[in-house]
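Thanks for coming, everyone. I'll take one structure today and walk through its helices and charged residues. Let me put it on the screen.

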Amino acid sequence: MSVKDKNRITAAVIGLVIIVVLIFVKKFAEGKIDSVESLQRYVLTFGIFAPLVLVFLQALQVVIPVLPGFLGCAVGALMFGPMGGFWCNYIGISVGSIIAYFLARKYGMDIILLMFPKKEYDKWSMKIKKSRSYGVFLFIATLLPLFPDDFLCYFSGLLKMEKKKFIWIILLGKPWCILAYSYAFGLI
């Protein structure tokens, strides 16, 4: 494959991503994506690309925390079954978590305050300062539902936590809660 062909493919992929994001943002802003059913209808409009769109949206919802992650988990399980939904959600959420970590490393406190209220930063930084081992705390937080995982991924980047350690915590900790969500929603 020539460089020109690779550039065309890259441009097409970037263009598709931009279109998906713009349509999603527009529908979300208009209040048309506000439930499992409405998100499911949106994802289904992409036909055979629906699983890739769900992966992308799950990554996006970590990087730009607007929707709760369990909403995508429900959509994935209902559309693709517990295991298909699990893989879409796990890949998307893990990729988004890693992106958030690297964004915080690059942009520092500015991006944290852009994404989250200072009050939330202050609350969690106090709790984390009391923690004897942040790595253990982060691992446990990724295992359990209802923790502010998105915030903790950004916060980990601020702490300059070693990147390999962070990635391993995400890859080993994230699947369990996502798997539980996938099977619970798959039973509905």
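Start with helix α4, residues 69-107. It has 39 residues, yet its end C-alpha atoms are only 24 Å apart. A straight helix, at 1.5 Å a residue, would reach 57 Å. Where is the kink in α4? At Phe80, shortly before the proline Pro82, and it is about 130°. Just after α4 comes Gly108, with a positive phi of about 65°.

Bear in mind that this is a predicted model.

Now the overall picture. The protein chain has nine helices and zero strands. Of its 188 residues, 42% are buried. Take the contacts with a separation of 6 or more: residues 24 or more positions apart account for 74% of them.

Next, the annotation. An unreviewed UniProt entry places "transmembrane region" at residues 12-29, 41-64, 84-104, 131-147 and 167-187. Look at two of those. Residues 84-104 are 100% helix, and their end C-alpha atoms lie 30 Å apart. Residues 41-64 are 75% helix and 0% strand, with end C-alpha atoms 21 Å apart.

On to helix α8, residues 149-158. How many of the 10 residues of α8 are buried? Nine, so α8 is largely enclosed by the rest of the structure. The buried ones include Phe151, Leu152, Tyr154 and Phe155, and also Asp149 and Asp150. What do they pack against? The list is α3, α4, α5, α6, α7 and α9. After α8 comes Lys160, whose phi is positive, near 60°.

Side chains of opposite charge can pair when their charged atoms come close. Asp149 meets Lys174 in a salt bridge, 2.9 Å from N to O. Lys174 lies in α9 and Asp149 in α8, so the pair ties together parts that are 25 residues apart in sequence. Are these two buried or exposed? Both are buried.

Asp150 is another matter. Asp150 is buried too, but has no salt bridge. Which side chain of opposite charge is nearest to Asp150? Lys174, at 5.4 Å. Leaving aside residues up to four places away in sequence, Asp150 touches Gln61, Val62, Pro65 and Phe116.

One you have seen, Lys174 with Asp149. There is also Asp122 with Lys118, where the closest N and O atoms are 3.0 Å apart. Both of these residues lie in α6, four residues apart, about one turn of the helix. Asp122 is partly exposed, at 33% relative accessibility. Lys118 is partly exposed as well, at 46%. The Lys174 and Asp149 pair, to repeat, is buried.

Last stop, Pro145. You will find Pro145 in the loop between α7 and α8. Its relative accessible area is 43%, so Pro145 counts as partly exposed. Not counting residues up to four places away in sequence, Pro145 touches Cys177 and Tyr181. Pro145 and Phe70 are 75 residues apart in sequence, but 9.0 Å apart in space, C-alpha to C-alpha.

That's my tour. Over to you.

Conventions
Residues numbered from 1 in each chain as written. Predicted model: local features only at pLDDT ≥ 70, side-chain atom pairs only at ≥ 80, totals over all residues. Heavy atoms only, no water. Helix = DSSP H or I, 4+ residues; strand = E, 2+ residues; numbered from the N terminus. Buried < 20%, exposed > 50% of the residue type's maximum accessible area, 1.4 Å probe, protein only. Lys, Arg positive; Asp, Glu negative; His and termini not counted. Salt bridge = Lys/Arg side-chain N within 4 Å of Asp/Glu carboxyl O. Contact = heavy atoms within 4.5 Å. UniProt positions renumbered as here; feature names shortened; annotations may be inferred. Expected span 1.5 Å × (residues − 1). Bend = angle between axes of the 7 residues up to and from the residue.
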